[in-house]
Amino acid sequence: MKILRLFPLALVILAAAPAPRYADAQQVGPASGSLIVAGGALSDPAVFERFVELAGGPSAPIVIIPTAGGAPSYDQYFGGRRSFERAGARHITILHTYDRDVADTDAFAAPLREARGVWFTGGRQWRLADSYLDTRVHEALWGVLERGGVIGGSSAGASIQGSYLVRGDTRTNTVMMGDHEVGLGFLKGVGIDQHLLRRNRQFDLIEVIRAKPELLGIGLDENTAIVVRGDRFEVVGQSYAVIYDSQATLDGGGLFYFLAPGDRYDMATREAFRPGRGEQPLERVTGTPWPPGR
């Protein structure tokens, strides 16, 4: 087989991945490096610029993995590179295979061992799991983070970053808990959904959180992302991130709540913060308290 390396809003509407080499140091987010997790239909140039910046600037080697898209093949002219080029990236490699035996070779994974940034494009997240889970590619991705680099992805490229793979069924993307339930695990104990409000999916993660109450659910609308460092993230882009936490049902029975661009969240303590308030927990700002014990 040929290898191609080729805002403030207080509305209340409401698995385990393979262990990296330094898994013991990971509470929720990766111990080193950064993640960008985007909800699909990403067009905001500021998000791509942030990715290039976190990778180390325009000269940083960047790898784009389009495998989720399901096309017969991808080459170095893949159109998904243009947004990164407009953001200033000058050294881009397209890396793709559907053959996990190929993905488990040092030769195929070699570009990742030099990369400072890796991006997963959209499509079906189970294709990424089938191709790369528990391979040398997976190991090399952890190496990118360990070196202080950045891994990002949009739509399917967002969901694959959690330890629990939401919408991983090979039959249809409407099944929330399907025949693929293990993601790459860069966010431990987290399930990620995307295209949330645009596709009227805001209630769908409730099924997952009820079945697996230990999980933290994160939903992302289109053209919106979270930027993760350690256990904390910041919301960026044009719409909302949504938090699903079975341990924190809100007053009135709400099962999820919204975070606007600029809001921050600690995934370890499961607390939300709003900027400009001295990092005061969000519930004290909005007047919507958490239940007793939280």
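I began with helix α4, whose buried residues pack against β2 (61-65), β3, α3 (100-103), β4 (117-120), α5 (125-132) and α6 (136-146). I note at the outset that this is a predicted model.

Which residues of α4 are buried? In this helix, which spans residues 106-114, I found F108, A109, P111 and L112 to be buried. They lie on the same side of α4, because the arc they cover around the axis is only 135°.

Next I looked up T93, which I located in strand β3, residues 91-94. T93 counts as partly exposed because its relative accessible area is 24%, a value that falls between the 20% limit for buried and the 50% limit for exposed. I also checked T93 against Q76: the two are 17 residues apart in sequence, and their C-alpha atoms are 6.8 Å apart in space.

I then turned to the aromatic rings, for which the count comes to 12 aromatic pairs. One of them is formed by W142 and F186, an edge-to-face pair with 5.0 Å from centre to centre and 75° between the planes. This pair links distant parts of the chain, since W142 belongs to helix α6 while F186 is in the loop between β6 (162-164) and β7, 44 residues apart. Are the two partners buried or exposed? W142 is buried, with a relative accessible area of 4%, and F186 is buried as well, at 0%.

Elsewhere I noted a cluster in which ring pairs link F203, Y240, Y244, F256 and F258. I also recorded a charge over a ring: the charged end of R232 sits over the ring of F273, 4.4 Å from its centre.

For the sheet, I wrote down 5 strands that form an open sheet in the order β6-β7-β8-β11-β12, with mixed pairing. The edge strands are β6 and β12 (256-259), each of which pairs on one side only. On average, and ignoring direction, neighbouring strands of this sheet are turned by 45° against each other. How many bridges join β11 to β12? I found 4 bridges between β12 and strand β11, residues 241-245, and these two strands run antiparallel. Y244 stands opposite F256 in β12, and both residues also belong to the ring cluster noted above.

In strand β7, which covers residues 187-193, I looked up D193. D193 is buried, with a relative accessible area of 0%. Leaving aside residues up to four places away in sequence, D193 touches S159, V166, R167, M176, R201, D204, L205, I218, G219 and L220.

My last entries concern backbone angles, and I kept in mind that most residues other than glycine have a negative phi. D134 is not a glycine, and yet its phi is positive, at about 65°. I found D134 in the loop between α5 and α6, where it is partly exposed with a relative accessible area of 49%. N223, also not a glycine, has a positive phi of about 55°. N223 lies in the loop between β8 (216-220) and β9 (224-229). Is N223 buried or exposed? With a relative accessible area of 15%, N223 is buried.

Conventions
Residues numbered from 1 in each chain as written. Predicted model: local features only at pLDDT ≥ 70, side-chain atom pairs only at ≥ 80, totals over all residues. Heavy atoms only, no water. Buried < 20%, exposed > 50% of the residue type's maximum accessible area, 1.4 Å probe, protein only. Arc of directions from axis to C-beta. Contact = heavy atoms within 4.5 Å. Phe/Tyr/Trp six-rings, centres within 6.5 Å; stacked < 30°, edge-to-face > 60°. Lys NZ or Arg CZ within 6 Å of the ring centre and 35° of its normal. Pairing = 2+ DSSP bridges. Axes fitted to C-alpha atoms, helices over the stretch in contact; angles between N-to-C directions.
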